[in-house]
Amino acid sequence: MLPGRGYNELNLGDVYESAMTLTETHVVLGAGLFGDFNPLHVNESWAKKGKFGTRIAHGYLTSNVMAAQFGMLLYGTAIAYLEHAIKFTAPVKPGDTLHVAWTVTAKEDKPKHGGGVVSFSGVCKNQDGTVVAEASAKLLVKNNG
């Protein structure tokens with residue numbers, strides 16, 4: 001596999017997009033991994049009586065779907081994931097397809113690391129175009145070449 005984008009290859013305004021369907025399996029595995037068995041996530045009968053009328057995915061799952069894109073975009077060039085802040089704006093349900101777009105918003109040279117800190121602004125929408133999360137992230141990334 002070729003290395004991902006280097007600090008020197010990322011430009012202000014660049015947009016990187018991905019999409020994936022969050023399945024029932026993701027929700028069940030997430031509950032086990034996180035130890036969060038809140039009935040809002042794992043009990044359909046209970047959740048039907050609630051505000052959303054069905055179970056919803058853990059916020060961690062939406063956050064991770066967004067963050068995972070950096071693993072592919074910056075494969076072999078990311079030195080550290082420094083910051084991640086997220087605001088959840090709508091529920092995500094099992095079966096929703098999440099469309100993620102990250103935009104490069106700032107770059108700060110860090111010569112001693114052979115690259116710099118890249119700031120991103122992200123948005124996550126479901127298959128209907130509803131914004132389900134907005135996030136920001138900073139990563140330390142080395143140069144390519």
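**Aromatic pairs and the core**

Guide: Searching the whole structure gives five aromatic pairs, where rings of Phe, Tyr and Trp (its six-membered ring) pair if their centres lie within 6.5 Å, and planes under 30 degrees apart are stacked, over 60 edge-to-face and the rest tilted. The model is predicted: local features need pLDDT of at least 70, side-chain atom pairs pLDDT 80 or more, while totals for chains, interfaces and linings use all residues. Residues are numbered from 1 along each chain as its sequence is written, and side-chain values use heavy atoms, without hydrogens and water.

Visitor: What kind of aromatic pair do F70 and W102 form?

Guide: The ring centres of F70 and W102 are 4.7 Å apart. Their planes make an angle of 45 degrees, and the pair is tilted.

Visitor: Which parts does the pair tie together?

Guide: Helices (H or I, at least four residues) and strands (E, at least two) are DSSP runs, numbered from the N terminus. F70 lies in α4 (residues 59-73) and W102 in β3 (residues 97-110), so the pair ties together parts 32 residues apart in sequence: helix α4 and strand β3.

Visitor: Are F70 and W102 buried or exposed?

Guide: Buried means under 20% relative accessible area, exposed over 50%, partly exposed in between (1.4 Å probe, protein chains only). By that criterion, F70 and W102 are both buried.

Visitor: Which residues form one aromatic cluster with F70?

Guide: W102 belongs to this cluster. The other members besides F70 are Y81 and F120.
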